[in-house]
Amino acid sequence: MRSSSEHQQLTDNYDHIKTITAVATGRDPILEEGTFHAPTEITNMTRRSRQRQSQAATSFWNDEEPIDYNDQTTNASTITKDQPQHSINVDQDESQDVALLSSPDAPASLLAAQATLQNFTLMSILFSCNHGCVVACLGLATSRLGFSLGAAQSGILYLCYTLSGLFGSTYVVKRLGSRNALMAGMAMYILYVGCFWFATVMQDEIQKDFAVYLGGVVGGTGAGFLWTAQGSYFTSAAQEYAKCSNQSTSDATSKLAGIFAFLYLALEVLLRAMSTMLLQAGLEWSSVFQIYALLTAASTILMLAVQQQESTDTESSLNATVFNKATAAWQLLKNDPRMKYMVGLNAVFGLSASFLNSYVNGQVVRIVLQDESAKYVGILTAGMASWAAMMSLVFGKASQALGKGPILVAGSISFAFVALPFLVYPKVENWSWVLLVFVYMMQGTGRATFEGTLKATFADFFSFEKEGAFANIILQTGLSTSIGYVMTFSLTCAQESNYCVPYQDGSLHNVLSFELAIVVAAVAAIAGYWKASLIHERRLAAASSAFQLTESSLLAAEPTQRADA
């Protein structure tokens, strides 16, 4: 016979498990009360705040004791076994959709969903304009600043990007809010783009080098703030959109990720190609970089029109120490095994991106297309981004039918094919433009999965610590990209051969090791994701089983409770 306190604990556990099951499966319990088979009084409980949902999910993933809610409003003594049960299918049919639209609250909800979507779209456009100017300059670093200086600056950029993600970016985002942290990162990008203009007009080599390196430090630090804030803003917007549009958070993340990836990559197409078009129009490189800097500044100022997203952090998260906030990315990587297995997906992108930006843009394009002035680099990278934008739409639709896993596997294979042509046909002097374009298309295909599907997966897996999750993307991609740039100029060799190739400055470099590293990382990415998804599925199954067990215990205890009364 259960005591009243034991019965109350069962009721508390029921509410706790119900909440974490909804969060674990990507559903919002506020929207989907009644989705689970539960007595009427329980499904009509006072709706919990989002802070409590996040806190419940966090305690579950960290294997902590269930949360004891002292303000439990359910009166367990009123529950009877004969009361009706609710069962609402998550995948609603057309009649349910019609009923939703005809309800009195539907117009307000739909308008709120539309407003959330429009605000997110505006953020994506301004973000993409700002970052598109940055990646356009990054792609030109080795060809316009000189191979050694450009590669060194890019390495510094990604090293600072990594350190910013590991130490500090999560604190900045939690402290300033996602919108304001976005503006801080975008403002620091202005200096990075401006250093390219400064380098083209400055005659003094020492001042030029100082400006270039300073731009790399400031730009990399700002990038850490920017991408952590973007991930936080994206996750909060997806949760808000899911609430207003009456759909699962997983579906909302897929939709918003597709929108962001398309706008991000489409604007990158325009801004990468702009350098080629401006040069064809007769402008000098100094004017080209000046225009990029002005666009970066304008997009930063216009971010004031974007609404700040309301924080969904729990009270314990808000009261966390500065150290815990600053190292949230490291804490998540250390404590959650899923994050460790996701490293490969970020590493293969970082390695292939550095390989393309340094070796292919700086050396291969010049040889295959006989392009000593690097005028075709802009159009090739713009074509890559255009292909990625188109593929992001394809993958966005496909992920809803196939799931995110097959898309991520396809992306990893595509990254491997960035390096494989160089392993099979190492003499680039004999290449045609077709094979060169194929390499850029493979990078674009992989990047479409990285910008959309991978980030949506992180939002699904780690919604309880979104800043730490997206800071891990920074940490992992930044570190792997930094390693890639270091490999570009540090892997030297003594005698010229198929895989020991001369660079433009006359030095000999071993490209075989770099190419093999990309292929190995692609294989590790596929295996790692498979393992992470298995762990995630087991946790979902454990959450579901715990919910069903608690519900059964609660219902079984009810007759005894009434007899005691």
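Visitor: What relative accessible area does Cys493 have?
Guide: Keep in mind that this is a predicted model. Cys493 is partly exposed, and its relative accessible area is 26%.

Visitor: Which cysteine is linked to Cys493 in a disulfide?
Guide: There is one disulfide in the structure. To count, two cysteine sulfur atoms have to be within 2.5 Å. The sulfur of Cys493 is 1.8 Å from that of its partner, so the pair qualifies, and that partner is Cys500.

Visitor: Which handedness does the link of Cys493 and Cys500 have?
Guide: Look at the angle about the S-S bond, which is 100°. With that angle, the link of Cys493 and Cys500 is right-handed.

Visitor: How far from Cys129 is the nearest cysteine sulfur?
Guide: That sulfur belongs to Cys133. A disulfide needs sulfur atoms within 2.5 Å, and Cys129 is in no disulfide. The distance from Cys129 to the sulfur of Cys133 is 5.0 Å.

Visitor: What relative accessibility do Cys129 and Cys133 have?
Guide: Buried means under 20%, and Cys129 counts as buried at 18%. Cys133, likewise in no disulfide, is buried too, with a relative accessible area of 0%.

Visitor: Where does Asn246 lie?
Guide: Asn246 has a phi near 60°, a positive value in a residue other than glycine. It is partly exposed, at 24% relative accessible area. As for its place, helix 10 spans 205-245 and helix 11 spans 249-280, and Asn246 lies in the loop between helix 10 and helix 11.

Visitor: How many strands does the protein have?
Guide: Helices come to 22 in this protein.

Visitor: What share of the residues counts as buried?
Guide: The protein has 565 residues. A residue is buried when its relative accessible area is under 20%. The share that counts as buried is 56%.

Visitor: What share of the accessible surface belongs to carbon and sulfur atoms?
Guide: The accessible surface of the protein comes to about 23200 Å². The part of it belonging to carbon and sulfur atoms is 60%.

Visitor: And among contacts between residues at least 6 apart in sequence, what share joins residues at least 24 apart?
Guide: A contact here means heavy atoms within 4.5 Å. Among contacts between residues at least 6 apart in sequence, the share joining residues at least 24 apart is 82%.

Key:
Residues numbered from 1 in each chain as written. Predicted model: local features only at pLDDT ≥ 70, side-chain atom pairs only at ≥ 80, totals over all residues. Heavy atoms only, no water. Helix = DSSP H or I, 4+ residues; strand = E, 2+ residues; numbered from the N terminus. Buried < 20%, exposed > 50% of the residue type's maximum accessible area, 1.4 Å probe, protein only. Areas by Shrake-Rupley, 256 points an atom, 1.4 Å probe, with all protein chains shown as cover.
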